[in-house]
Amino acid sequence: MRKKTVAIVLAAGRGSRMKRDIQKQYLLLKDKPTLYYSLKAFEDSFIDEIILVTGKDEIAYCHSEIVDKYGFQKVSHIIAGGKERYHSVFCGLQVLQACDYVFIHDGARPFVTEEILERAYAAVQKDRACVVGMPVKDTIKLADEDGYAQTTPRRDLLWMVQTPQVFAFPLIFSAYHKFLQQERELLAQGVKITDDAMVAERFSNVRVRMVEGSYENIKITTPEDLLIAEAFLNAGSL
């Protein structure tokens, strides 16, 4: 019997690296907003409910031009996010009620699939925390502050981290609550939290399992990513 699963889809980012006036999650891919594909993946899956987190000024647009227009029935809330990504995640977590597992996903990552969601769901039931990703293909160098190569980590141990990142709800809610209580102190120390797994790693005693995603599960961040995404859609591979 499945537990209750909820997806938090993040669409509050400004996307400065895209160098366009329109936020990356609303840029069109085959005449539909990038965000449409992320929401549709969860709408068509076993996920029970979707919380959409966007900018305060985009809530009405998301209601009319995405959720209502495309008939997404599982979107139960559209809420405003916060200053940083992790603030937006916690805004979503605070809305949830009676949830067992939460899938946290970037709305600008349109090619998540049912297979990826199933693998993540199987892993989170066992380990309580998991992150979708793929082994890196390239050799990675760790440089010093002056830009000189310092060390070369073993490639077979390195993963490119993707989303969704999936957790038992009580675990990630507690970890985020502890983190935000210490946020100012951590920022003063130069600690930067860039994904949900970092919060779980630092503020819980649970190890985060890596789960295979897909090399096609890209995030739309730069103009080049749009070309790649369009190529995937045109090839009919997704």
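Student: How many of the residues of helix H1 (residues 34-43) are buried?

Tutor: In this predicted model, local features need pLDDT of at least 70 and side-chain atom pairs count only at pLDDT 80 or more, while totals for chains, interfaces and linings use all residues. Residues are numbered from 1 along each chain as its sequence is written, and side-chain values use heavy atoms, with hydrogens and water left out. Helices (H or I, at least four residues) and strands (E, at least two) are DSSP runs numbered from the N terminus; buried means under 20% relative accessible area, exposed over 50%, and partly exposed in between, with a 1.4 Å probe and protein chains only. Among the buried residues of H1 are Tyr36, Tyr37, Phe42 and Glu43, and the helix is largely enclosed by the rest of the structure because the buried count is 9 of the 10 residues.

Student: Which residues of strand E6 are buried on the side that holds Asp106?

Tutor: E6 is largely enclosed by the rest of the structure, since 6 of its 6 residues are buried. Both of its faces are covered, with Tyr101, Phe103 and His105 on one side.

Student: In which sense does strand E1 (residues 5-11) pair with E6, and which residue of E10 is the bridge partner of Val102?

Tutor: Two strands pair if DSSP finds at least two bridges between them. E1 and E6 are joined by 6 bridges in the parallel sense, with Val9 opposite His105. E6 and strand E10 (residues 159-168) run antiparallel and are joined by 4 bridges. There, the partner of Val102 is Phe167.

Student: Which residues does the salt-bridge network join?

Tutor: A salt bridge is a side-chain nitrogen of Lys or Arg within 4 Å of a carboxyl oxygen of Asp or Glu, and the structure holds 7 of them. One is between Arg85 and Asp106, at 3.3 Å from N to O; it links Arg85 in helix H3 (residues 85-95) to Asp106 in strand E6 (residues 101-106), 21 residues apart. Asp106 also meets Lys219, at 3.8 Å from N to O. Salt bridges that share partners give one network of Arg85, Asp106, Asp196 and Lys219.

Student: How far apart in sequence are the parts that Asp106 and Lys219 tie together, and is Asp106 buried or exposed?

Tutor: Asp106 has 8% relative accessibility and therefore counts as buried, whereas Lys219, at 27%, counts as partly exposed. Lys219 lies in the loop between strand E11 (209-212) and helix H8 (223-235) and Asp106 in strand E6, so the parts tied together are 113 residues apart.

Student: Which residue carries the side chain of opposite charge nearest to Asp195?

Tutor: Asp195 lies in the loop between helix H6 (183-188) and helix H7 (196-203), and its side chain reaches the backbone nitrogen of Met198 at 3.1 Å, a polar contact (a pair of N or O atoms within 3.5 Å; within protein, one must be able to donate a hydrogen and the other to accept it, and residues adjacent in sequence count only if both atoms are side-chain atoms). Lys and Arg count as positive and Asp and Glu as negative, with His and the chain ends not counted. Asp195 is buried yet has no salt bridge. At 6.8 Å, the nearest side chain of opposite charge is that of Arg85.
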